Amino acid sequence: MEPLILNINHRNYQIFQVEKNETLLSVLRYRLDITGPKEGCSTGDCGACKVLLDGVAVNACTTLAHRCAGKTIITIEGIADAGNLHPLQTAFVEKGAVQCGFCTPGMIISAKALLDVNPKPSRDEIRKALDNNLCRCTGYVKIVDAIEEAAEMMRKDDHE
Amino acid sequence: MNNKEWRLIGSGVPIFDAKNKVTGKTRYTGDIKLPHMLYGKLVLSDKAHARVLSIDTSEAEKLEGVRAIATPFNTSSKKYNSALRFVDHDIPKTETIFSQTVRFVGDRICAVAAVDQKTADKAAKLIRVEYEELPAVLSIEEAMAEGAIQLHDNVSNHLNEIKVSVGDVEKGFREADFIFEDEYETPIVSPMAMENHVSIADFDDEGKLTVYSSTQNSFAIRNILSDVFDLPQSKVRVIKPTLGGAFGSKIPAVLEGPAAALSMMTRQPVMLNFTRKETLVASRTRHGAKIRLKTGINKDGTIVAQAYDVLTNTGAYVGSAYNVVGAMSHKVFKSYRIPNISYTGAAVLTNLPIAGAMRGYGSPQAIFAQQRQLHAIAKRLDMDIVTLQRKNLVTPETVDPVKMGSPRPLDCMERGMELFGWEDKLKWKENKNTINNGTDKQEQTDSRRNVKRGVGFAIGCHGNGVYGAHRDFIGLRLKMNDDGTFVLETGTHDMGNSLITSQMMIVAEELQAQVNDISAVEADTDLTPWNLGDYSSRGIFVTGSACLKLAYAMKDLIIEMASAMFQEPVENLSLVPYRKVRSTLGKEASFQEIFVYAQREHETDMLAQVSFGSLAARTSFGAHFVQVEVDTQTKEVHLLDYVAVHDVGKAINRMSLEGQLEGGIQMGLGYALSEQMTFDDQGRLINNNLKKYKMFTASMMPEIKIDFVEEGDSPGPYGGKSIGECATVPVAPAVVNAVADALGYDFHTMPIDVEGIKLMETLES
């Protein structure tokens with residue numbers, strides 16, 4: 001069996017003996033110790049395992065690993081730039097959008113996917129973009145606040 | 001007390017571990033990988049009630065990579081109560097690590113440990129269980145029926161009643177102008193923390209069992225493990241890594257025992273985690289309840305007597321069955337000035353998943369009935385609900401301040417009405433109804449003509465700690481480091497609720513430090529002093545108070561050492577920002593200099609340690625207001641506006657108070673409108689995943705306005721009281737009252753989903 005080569009957070013990984021039905025989440029968490037993406041349901045319903053696959057937020061728990069060959073995978077570990085938090089991460093911290101934090105990696109991934117295509121979303125658009133991300137702690141209120149704030153920070157950065 | 005200027009108290013401080021959480025660095029229990037760690041998988045019962053005759057493990061054993069299979073026949077069968085709180089806590093023991101008689105679909109039969117998760121999963125599927133089926137009781141009625149099969153031999157299905165009363169209820173009813181009697185029913189729901197339950201057990205060759213677990217209750221888990229496996233507590237250590245939410249579901253021992261059994265067999269660490277489906281059926285649920293409520297009221301709106309008769313469905317084992325109906329009994333006395341109240345509550349065992357603690361712990365059920373009936377009574381008597389509430393709610397002037405402090409549900413209601421625009425919204429509705437009168441032409445052609453609006457509100461309450469029920473105790477330790485920063489050793493479990501952050505804020509406030517100057521070691525039974533466990537909204541009221549005492553103790557140590565160093569009396573000395581002591585004569589030393597002096601000249605450590613037992617009970621209150629739109633064709637309920645005002649005494653961390661409240665609202669909205677665990681006639685959960693079990697998503701949430709009443713006199717730190725559980729209590733009755741207002745139906749059950757509304761339509765017609 002040929003090793004599977006995956007590009008994750010701008011690095012190539014060779015993974016051996018990946019079975020056809022092995023999920024991306026299983027490869028990330030169990031083989032590569034990339035534990036930022038969380039396993040909350042394994043059915044694609046909670047969004048805690050979201051990663052960016054060629055820029056699109058997908059559930060790693062329902063994505064087959066071998067389908068990701070040749071694509072760019074970004075996990076929550078790949079969002080900050082050399083230790084500098086991404087504006088979304090800064091805003092999540094400062095706005096109180098983090099409580100238990102288990103949904104946070106998936107929330108930030110979904111938010112990043114949204115802001116990459118829609119830099120000035122309305123609150124309703126933000127909420128819709130989060131509809132495949134469940135949270136039990138925050139009522140989503142401060143998460144939406146943080147994404148709004150991050151969008152504004154990023155627009156300012158672009159102007160400077 | 002509230003007039004003092006605070007540097008930190010009352011401000012908004014992000015949770016202490018937020019940065020690790022946003023970058024994915026945080027290690028939750030399920031992220032830990034110990035050398036040689038094995039992975040476990042449970043085999044759960046697919047029968048609601050049966051004797052396990054045999055377990056055939058031969059095929060599973062043949063699978064390469066399988067290391068051990070723990071069954072009821074090779075594992076300790078000592079009974080325990082998973083909701084034990086302290087070593088001498090006397091509550092009925094009905095559970096074992098594995099069951100030889102399974103009592104619900106999801107009961108633990110055996111477990112496999114293998115080199116990886118896939119092998120463990122595969123092996124579990126190869127295990128064949130032979131059952132002898134027994135009759136199952138799947139509802140309160142079936143379980144209480146004459147001749148019904150009894151689930152356990154040491155307790156009856158209908159557990160002992162808890163009765164509490166004040167005044168003379170019968171006399172009250174005789175003298176009342178009107179009497180109303182209603183029966184309410186609340187659904188079984190799931191706490192649904194996003195992190196599934198997970199435990200790692202590591203039994204070493206010294207005979208020491210170390211367990212890393214997603215728990216809110218480390219010291220009680222140690223008691224249970226020590227008892228079941230007959231190990232001295234010096235040989236059991238329970239450590240809580242970061243928790244991914246809990247909401248009560250992680251109070252009981254669930255996976256710790258089976259993981260320990262596997263580790264003791266293999267002498268290797270074993271991780272055992274639940275899938276979402278397993279968390280749903282095999283962790284804990286909120287008790288479903290049937291509440292018969294009889295209220296006597298006079299023409300002027302004064303409530304003169306009230307009688308609660310409650311039965312809860314506690315599922316298959318006696319966990320917190322007594323505690324939940326017991327806690328519920330306190331809550332019905334708190335909000336109103338009713339001279340005669342009686343409460344009778346009992347839990348009933350059924351062949352359904354085990355009910356346990358969930359945010360609110362009895363309050364959401366009882367307060368749903370209380371607030372729903374009050375609104376219904378207002379409507380039946382054509383009285384204004386606001387007037388009715390004003391007439392009966394407690395105020396600081398109407399209670400014994402020693403027992404009740406300064407309860408402010410009325411202030412919450414008045415402030416809530418203002419923020420919500422209650423009067424304007426009522427007027428809008430009245431005008432609309434008069435103008436349109438149901439025949440208005442424009443209304444007929446309006447594409448939204450099927451939409452009806454309604455408003456509602458509810459008052460809720462919840463306690464602060466467990467004073468009155470049993471000991472409410474925590475020990476804390478604070479160590480000064482060589483550079484004058486601090487390590488807090490606290491046996492508490494942050495669940496995402498900023499419990500640790502609040503403790504850091506209190507210590508930092510009092511020691512003129514910054515929050516970042518404090519780091520915390522959390523619940524670890526070998527390392528941190530004893531703590532009861534994080535439930536009962538103890539966080540601020542009990543632990544916060546303990547923390548204040550701890551900070552004072554450290555402050556005394558610092559001042560005394562500085563006094564020796566400066567050769568000045570302690571009266572001259574005070575702490576100043578940041579981490580310095582200054583004397584009235586102008587001398588100044590940093591904590592670092594004082595530490596060095598203490599070490600060099602006195603060879604002493606700067607270590608403060610306190611014990612704190614809470615000796616008071618206080619109640620937190622909240623008033624929630626909501627406006628809804630109901631589509632009478634699709635039966636969908638949309639939430640328009642939401643206002644929540646809470647009596648918290650004094651805000652400690654404003655950001656986490658708001659966050660807790662917003663999260664509590666999400667949970668309550670699901671309770672009101674979408675969440676319910678439903679079972680088929682074999683006791684199997686039908687909606688066993690997150691597609692079918694409907695939690696509120698971001699776009700279902702209304703805009704929420706929040707405010708706090710901060711008139712604290714409470715013995716809590718700076719006058720502070722809890723929010724965590726109270727946050728979710730008023731939500732469901734407020735929403736159901738609003739839907740009832742929109743449709744004119746007198747709802748007695750939840751959730752008000754499409755089926756719920758259709759059912760009411762049938763009943764009403």
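A salt bridge is counted where a side-chain nitrogen of Lys or Arg lies within 4 Å of a carboxyl oxygen of Asp or Glu. Under this rule, 61 salt bridges are found over all chains of the structure. The structure is a predicted model, in which local features need pLDDT of at least 70 and side-chain atom pairs count only at pLDDT 80 or more, while totals for chains, interfaces and linings use all residues. Residues are numbered from 1 along each chain as its sequence is written, chains are lettered from A and ligands numbered from 1 in the order in which they are written, and side-chain values use heavy atoms, with hydrogens and water left out.

The interface between the two chains is described next. Contact (heavy atoms within 4.5 Å) involves 44 residues from chain A and 52 residues from chain B. Buried area is the accessible area (1.4 Å probe) that two parts lose on being put together, summed over both. Between chain A and chain B this area is about 3,900 Å², and carbon and sulfur atoms account for 56% of it. A:Gln99, A:Arg127 and A:Arg136 supply 21% of the area that chain A buries against chain B, more than any other three residues.

Ten salt bridges cross the interface of chain A and chain B. In one of these pairs, A:Lys142 and B:Glu662, the closest N and O atoms are 3.5 Å apart. A network of salt bridges links A:Arg123, A:Asp124, A:Arg127, A:Asp145 and A:Glu148 with B:Glu703. A polar contact is a pair of N or O atoms within 3.5 Å; within protein, one must be able to donate a hydrogen and the other to accept it, and residues adjacent in sequence count only if both atoms are side-chain atoms. Between chain A and chain B, 30 residue pairs are in polar contact, both residues being at pLDDT 80 or more.

Helices (H or I, at least four residues) and strands (E, at least two) are DSSP runs, numbered from the N terminus. On the side of chain A that touches chain B, at least two residues come from each of helix H1 (24-31), helix H2 (87-94), helix H3 (104-117), helix H4 (123-129) and helix H5 (141-159) of chain A. H2(A) gives the most, with four residues. This side of chain A has 18 nonpolar, eleven polar and 15 charged residues, where Ala, Val, Leu, Ile, Met, Phe, Trp, Tyr, Cys and Pro count as nonpolar, Asp, Glu, Lys and Arg as charged, and the others, Gly among them, as polar.

For chain B, the domain assignment (bounds from an automatic or database domain assignment) gives domain 1 (3-24 + 467-613), domain 2 (32-134 + 191-282), domain 3 (145-188 + 287-364) and domain 4 (394-463 + 619-764). The centres of domain 1 and domain 2 of chain B, taken over C-alpha atoms, are separated by 37 Å. In this pair, 23 residues of domain 1 are in contact with 20 residues of domain 2, and the buried area is about 1,900 Å², with 51% from carbon and sulfur atoms. B:Met495, B:Thr525 and B:Tyr535 supply 32% of the area that domain 1 buries against domain 2, more than any other three residues. Five salt bridges and twelve residue pairs in polar contact, both at pLDDT 80 or more, are counted between domain 1 and domain 2 of chain B. The side of domain 1 that touches domain 2 has six nonpolar, nine polar and eight charged residues. A salt bridge joins B:Arg471 to B:Asp88, with the closest N and O atoms 2.8 Å apart.

Further salt bridges occur in chain B. B:Asp17 and B:Lys21 form one at 3.1 Å, N to O, and both residues are buried (buried means under 20% relative accessible area, exposed over 50%, partly exposed in between; 1.4 Å probe, protein chains only). B:Glu132 and B:Arg51 are paired at 3.2 Å between the closest N and O atoms.

Helix H9 (residues 321-331) of chain B is mostly covered, with nine of its eleven residues buried. Among the buried residues of H9(B) are B:Val324, B:Val325 and B:Met328. The elements that cover them include strand E7 (162-166), strand E15 (303-315) and helix H10 (363-380) of chain B.
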